[in-house]
Amino acid sequence: PSRISFHNKQGTGIVPLQDITAYSTDPGKNPFISFYKETIFDNMADDIPDVIGISITYQSQILPGITFARLIREHYKHTKILMGGNIISYWYDVIGHYPEFREWSDFYIPFEGETALHSLLQSLQGKHPLSRVPNLIYFHNGKVYKNPPVIEDINTLPTPDFSDLPLEKYLSPDLVFPLSTSRGCYWSRCRFCSVSSSFRGTYRSRHKDMLYRDILKLISTYD
C-alpha cells in the first residue's frame, strides 16, 4: 500500500512503470494533477518555455515529476522535456526498453548534468548534433541512443548561480545555499543507495581554495 501527500510518498520502493503511469493520470488518486493545473499551467499561457527540465532525485519525486511531464505534453506540445537526477541514473539500463520513457520525456541526462545540459541546449540551437552531447539519452526514428558518459572535473565548475531563483519565496528564515564539496562516495557499496549510481562509483573532492572562493562569492552576492 502507498500513501501520497504533497510533501511525501510512502510505499514499498520504486513502483512498476505501469503503476506510475496509472497514478499520474488519475485525478482521483493523484493530488498533483489539480495542484499543477491551478498553480502552474493556468499562469503560464503567455510564457511558454522551449525546454523544461525536471529533476527526479528521490523516490518521493517520481510521481510529481512524471505527472508534471505528462501535463506539459498535454498543454505545450512543442515544448521539449528533459529529465535528470539520481532516479534517472538508477533507471539508466532500462530507459529505452519501455514505451513509458518515450512518453514522459524527449531527453534524459543520467549521471552528472552541468556539461551535458549546456551542450544539449546548444544542440537544440543547431550548434552541434545531439550525438555530441555527453551523457544524453534520446530517441530518433524509433531507436534509443545513449551517448558516452562523462565524469565532471568539479574543480573546473563555476560557483553555483542562484540569481534566477525567487529566493524571497522560499520558506526559510535565512538564505541557505547548497554547496558541493565533493561528488560520489568513497565507499560506494550500499545497495540501497541511488546516489552512488549517479557518479559511476567515483569519488572526487573540490579543492579547498575553490571552496573558499565559492563561499566568499555567495556571501558577497546574496548577503
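Residues are numbered from 1 along each chain as its sequence is written, and side-chain values use heavy atoms, with hydrogens and water left out. In this predicted model, local features need pLDDT of at least 70 and side-chain atom pairs count only at pLDDT 80 or more, while totals for chains, interfaces and linings use all residues.

**Helix packing**

Helix 1 (residues 17-24) packs against helix 3 (residues 62-75) at an angle of about 60 degrees, and their axes are 9 Å apart. That makes helix 1 oblique to helix 3. Angles under 35 degrees count as roughly parallel, over 145 as roughly antiparallel, 65 to 115 as roughly perpendicular and the rest as oblique. Axes are lines fitted to C-alpha atoms, for helices over the stretch in contact, with angles from 0 to 180 degrees between N-to-C directions. Helices (H or I, at least four residues) and strands (E, at least two) are DSSP runs numbered from the N terminus.

On the side of helix 1, I20, T21, Y23 and S24 meet I62, L63, I66, T67 and R70 of helix 3; contact means heavy atoms within 4.5 Å. By class, this contact of helix 1 with helix 3 has five nonpolar, three polar and one charged residues. Ala, Val, Leu, Ile, Met, Phe, Trp, Tyr, Cys and Pro count as nonpolar, Asp, Glu, Lys and Arg as charged, and the others, Gly among them, as polar.

On a 1 Å grid over the protein atoms alone, a cavity is a set of points where a 1.4 Å probe fits but cannot get out; a pocket is an open set with protein on both sides within 12 Å along at least five of seven lines, and lining residues have an atom within 4 Å of a point. Grid points are joined across faces, edges and corners, and a volume is the space filled by probe spheres set on the points.

| Space | Volume | Lining by class |
|---|---|---|
| Largest pocket | about 1,700 Å³ | 23 nonpolar, 15 polar, eight charged |
| Largest cavity | about 30 Å³ | three nonpolar, two polar, two charged |

The largest pocket is lined by 46 residues, and S55, E114, F162, P178 and R183 lie nearest its centre. Helix 6 gives the most to this lining, with four residues. The largest cavity is lined by E112, T115, A116, P134, N135, V150 and E152.

**A loop residue**

L167 lies in the loop between strand 7 (143-146) and strand 8. Leaving aside neighbours within four places in sequence, L167 is in contact with F162, L175, F177 and Y222. The C-alpha atoms of L167 and Y222 are separated by 9.7 Å, and the two residues are 55 residues apart along the chain.
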